[in-house]
Amino acid sequence: DEATEVATTSAAATPMESAMASESAMQDPGTIVDVAAGNDDFETLVAAVTAADLAETLSGTGPFTVFAPTDEAFAALPEGLLDALLLPENKEVLTQILTYHVVSGEVTSDQVTAGDVATVEGEAITITTPDGAVVLNDTATVTAVDVDASNGVIHVIDGVLVPPSVDVNALLS
């Protein structure tokens with residue numbers, strides 16, 4: 001099933017991944033939103049999920065696979081874009097962008113393969129695996145995998161994915 005194919009990585013666990021894995025072994029990790037909210041690297045993501053009214057959805061039963069951009073990934077967006085996305089009048093576009101980071105079902109790193117993967121937003125992400133790395137749409141690299149949540153799994157990425165149908169330049173003008 002295309003929707004459950006995501007690429008695999010042979011990279012060693014990052015310190016964040018190791019810390020999150022040991023933390024989750026000690027207690028129920030909570031939902032995807034709980035896990036993101038409990039990590040200082042996802043403050044912008046949590047703010048965006050809240051602004052788009054997606055917190056309840058991503059706290060739901062799932063399971064979900066979320067490619068979660070870090071605060072650094074959001075900071076690398078063109079100047080003014082994040083502020084524009086967080087405006088109430090752009091909530092629909094923000095929702096499109098955020099749901100483009102979500103795949104239905106729980107896909108762990110050992111289940112990931114190169115190819116196109118359908119997102120909850122409706123458009124596909126293209127996954128490639130150059131030199132063992134996992135790259136999404138040739139723009140974002142997976143930096144940590146298999147961060148456990150009670151309703152799915154998070155893979156940390158270093159870029160923000162934008163669906164092909166979204167014109168970010170229109171938001172900046």
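Predicted model: local features only at pLDDT ≥ 70, side-chain atom pairs only at ≥ 80, totals over all residues.
**Talking through the fold**

Trainee: How many bridges join S1 to S2, and which way do they run?
Mentor: Three bridges join S1 to S2, and the two strands run antiparallel. Strands pair here if DSSP finds at least two bridges between them. Helices (H or I, at least four residues) and strands (E, at least two) are DSSP runs, numbered from the N terminus.

Trainee: Got it. Which residue stands opposite Phe64 in S2?
Mentor: Ser104.

Trainee: And how does S1 pair with S7, parallel or antiparallel?
Mentor: Parallel, over six bridges. S7 covers residues 152-157.

Trainee: What holds paired strands together?
Mentor: Strands of a sheet pair through backbone hydrogen bonds, either parallel or antiparallel.

Trainee: What is the order of the strands in the open sheet?
Mentor: Seven strands, in the order S2-S1-S7-S6-S5-S4-S3. The pairing is mixed. S2 (102-104) and S3 are the edge strands, and each pairs on one side only.

Trainee: Why is S1 said to be largely enclosed?
Mentor: Six of the six residues of S1 are buried, so the rest of the structure largely encloses the strand. Buried means under 20% relative accessible area, exposed means over 50%, and partly exposed is in between (1.4 Å probe, protein chains only).

Trainee: Which residues of S1 sit on which side?
Mentor: Phe64, Val66 and Ala68 are on one side. Thr65, Phe67 and Pro69 are on the other. Both faces are covered.

Trainee: What about Thr65, buried or exposed?
Mentor: Buried, with a relative accessible area of 0%. A polar atom of the Thr65 side chain lies 2.7 Å from the backbone nitrogen of Val107.

Trainee: Let's switch to S4. Which side chains point to which face there?
Mentor: S4 covers residues 124-128. Ile125 and Ile127 point to one face and are buried.

Trainee: New topic. How many cavities of 30 Å³ or more are there?
Mentor: Two. A cavity is a set of points on a 1 Å grid over the protein atoms alone, where a 1.4 Å probe fits but cannot get out. Lining residues have an atom within 4 Å of a point.

Trainee: What is the volume of the largest cavity?
Mentor: About 150 Å³. Of the 15 residues that line this cavity, the closest to its centre are Ile32, Leu45, Val49, Leu58 and Val66. Volume is the space filled by probe spheres set on the points, which are joined across faces, edges and corners.

Trainee: What gives the most to the lining of the largest cavity?
Mentor: S1, with four residues.

Trainee: Last one. How many salt bridges does the structure hold?
Mentor: One. A salt bridge is a side-chain nitrogen of Lys or Arg within 4 Å of a carboxyl oxygen of Asp or Glu. Here Lys91 pairs with Asp53, and the closest N and O atoms are 2.4 Å apart. Lys91 is in helix H7 (residues 91-99), and Asp53 is in the loop between helix H3 (43-51) and helix H4 (55-58). They are 38 residues apart, so the pair links distant parts of the chain. Lys91 is partly exposed, at 33% relative accessible area.

Methods. Residues numbered from 1 in each chain as written. Heavy atoms only, no water. 1 Å grid on protein atoms, 1.4 Å probe; cavity = no way out; pocket = protein on both sides within 12 Å on 5 of 7 lines; lining within 4 Å. Polar contact = N/O pair within 3.5 Å; in protein donor to acceptor, adjacent residues only side chain to side chain.
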